Structure formats: C-alpha cells, structure tokens
Amino acid sequence: FEKSNQFILPPDLVFLKDGFNIVFAGNIGNNQSIETIVSAAEILKNNDEIKIVMVGSGSRSSFLKEEIDKRCLSNLIVAGRYPSDMMPAIFNYSQVLLVSLAKKDSLSWTVPCKVQAYFAAGKPVVASLDGEGARIVNESGAGRVCPAEDSHSLAASILELYAMSDIERSEMGKKGRMYAERHYHPTKIAKQLLSYFLTIIKNKGK
C-alpha cells in the first residue's frame, strides 16, 4: 500500500483505535480453518485487551457468528466486508494481521495473496498454516508461525506478540515490508516474467 498521512476508519470500526487488535482480512471459507480461529479466541477470551477482528465474508460466515454466540466470545468480532480502499486504514489501526489455512496437502503449496498485502502494510503477521506460506513468513522475519489447525499454538503466538513492545512489533512489520519490496514489487515481477518468456522463445528457436 502507498503510505498516507490520512487513515480514516469507517464509523463502526473506530474501536480499532483501542486495545490490541488482530485483524483477519479476506475470505471466510472452508480453506481458512475458521474453527481454529474460533478455538483460539475461546482460549484468549479472558484477556480483555485482545480482540480478533474478522474483516470479510464467505461460506463460513454464518458458522462463525453462530459459534461466537454459542461460546459467548466478545473478543471475536465479525466486522463484515469493506471496499479495498478502506483496507489501509483498517490495517493501520491493527496491531497484528492474521492469516490461516486448513491442514491440507493441496494448500501446503499455497501462499495466500493476503500475505503480500499484510507485508506491504508493514504490520507483524501471525500465520496459522503449513508449507510454503509458513516458510515465507519465517524467512521474512515478519511475524510468528504456528502449525495449521493448532488453536493452542495460535493463541500462544498471539500472546507472544501481545507481550512484545511496540518497537519489537514495528521491527517485524518493517521486515515484512522490506521482504515485499524485494520479492513482490511489480517491476521485479515484470522483469522475472519477461526473462521467463524470453527464455521460452529462445529455446523454441533452437
């Protein structure tokens, strides 16, 4: 995201200015292992400072709301969908950004596109996933990684980030942004694609 001096939150999200907020943004579906997030929230529910805020929608939205009511989870908030131009403000007022995937072999090769957006936002990441996505978060130094579908490890990772100083979390966020600029900058990707296609063309000419 481009840096801006103005981050204006929607009126119903002004609560993000207070407390310690972990924001999940994107699809709330089967592949995101929403059950893991719900269980982690239940483990953390006695800490009044920590809130997990779900920004987005999907096939598991109804399940999520039902579980919140059933388990009385005031620390797990379904914020709903917002336009993309609102996301920089939402990310700006979060302390940590959350990404999760289910424990499936087919997903171990997947790097959710939100990881790139999270890195670009310059915020620390807590990642509940396996495989390539986990490798990238670890390699970048941008946050904490825990195994997919392990709610206890997710809760522990959130508590670890919560216990850190603002400076420590800021350094993690900077590492993520630097990693995004090195690996995901549009110019770099365009050059890689150009090199790839030129190689194919050259080999075909032989």
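**Exercise 1.** State which residue lies over the face of Phe24, and at what distance from the ring centre.

*Solution.* 
Step 1. A charge sits over a ring if NZ of Lys or CZ of Arg is within 6 Å of the ring centre and within 35 degrees of the ring normal.
Step 2. Lys114 lies over the face of Phe24, 3.7 Å from the ring centre.
Step 3. Arg60 is placed over the face of Phe63, at 4.1 Å from the ring centre.

The model is predicted: local features need pLDDT of at least 70 and side-chain atom pairs count only at pLDDT 80 or more, while totals for chains, interfaces and linings use all residues. Residues are numbered from 1 along each chain as its sequence is written, and side-chain values use heavy atoms, with hydrogens and water left out.

**Exercise 2.** Describe the largest nonpolar core and name the elements that supply it.

*Solution.* 
Step 1. A nonpolar core is a set of buried Ala, Val, Leu, Ile, Met, Phe, Trp, Tyr and Cys residues joined through side-chain atoms within 4.5 Å. Buried means under 20% relative accessible area, exposed over 50%, and partly exposed in between (1.4 Å probe, protein chains only).
Step 2. The largest core holds 31 residues, and those with the most contacts inside it are Val23, Val55, Ile90, Phe91 and Phe119.
Step 3. Helices (H or I, at least four residues) and strands (E, at least two) are DSSP runs, numbered from the N terminus. Among the elements that each supply at least two residues of this core are strand 1 (20–25), strand 2 (50–55), helix 3 (87–92) and helix 4 (113–121).
Step 4. Helix 3 gives the most to this core, with 4 residues.
Step 5. Apart from it lies another core, of 28 residues, including Phe24, Leu44, Leu64 and Met164.

**Exercise 3.** Classify the aromatic pairs Phe20–Tyr162 and Phe91–Tyr118, and say where their members lie.

*Solution.* 
Step 1. Rings of Phe, Tyr and Trp (its six-membered ring) pair if their centres lie within 6.5 Å; planes under 30 degrees apart count as stacked, over 60 as edge-to-face and the rest as tilted. The whole structure has 3 aromatic pairs.
Step 2. Phe20 and Tyr162 are 5.2 Å apart centre to centre, with 80° between the planes, and form an edge-to-face pair.
Step 3. This pair links distant parts of the chain, with Phe20 in strand 1 and Tyr162 in helix 6 (residues 151–163), 142 residues apart. Phe20 has 4% relative accessibility, so it counts as buried; Tyr162, at 30%, is partly exposed.
Step 4. The ring centres of Phe91 and Tyr118 are 5.5 Å apart and the planes are at 85°, so this pair is edge-to-face.
Step 5. Phe91 is in helix 3 and Tyr118 in helix 4, 27 residues apart. Phe91 is buried at 4% relative accessibility, and Tyr118 is buried at 0%.
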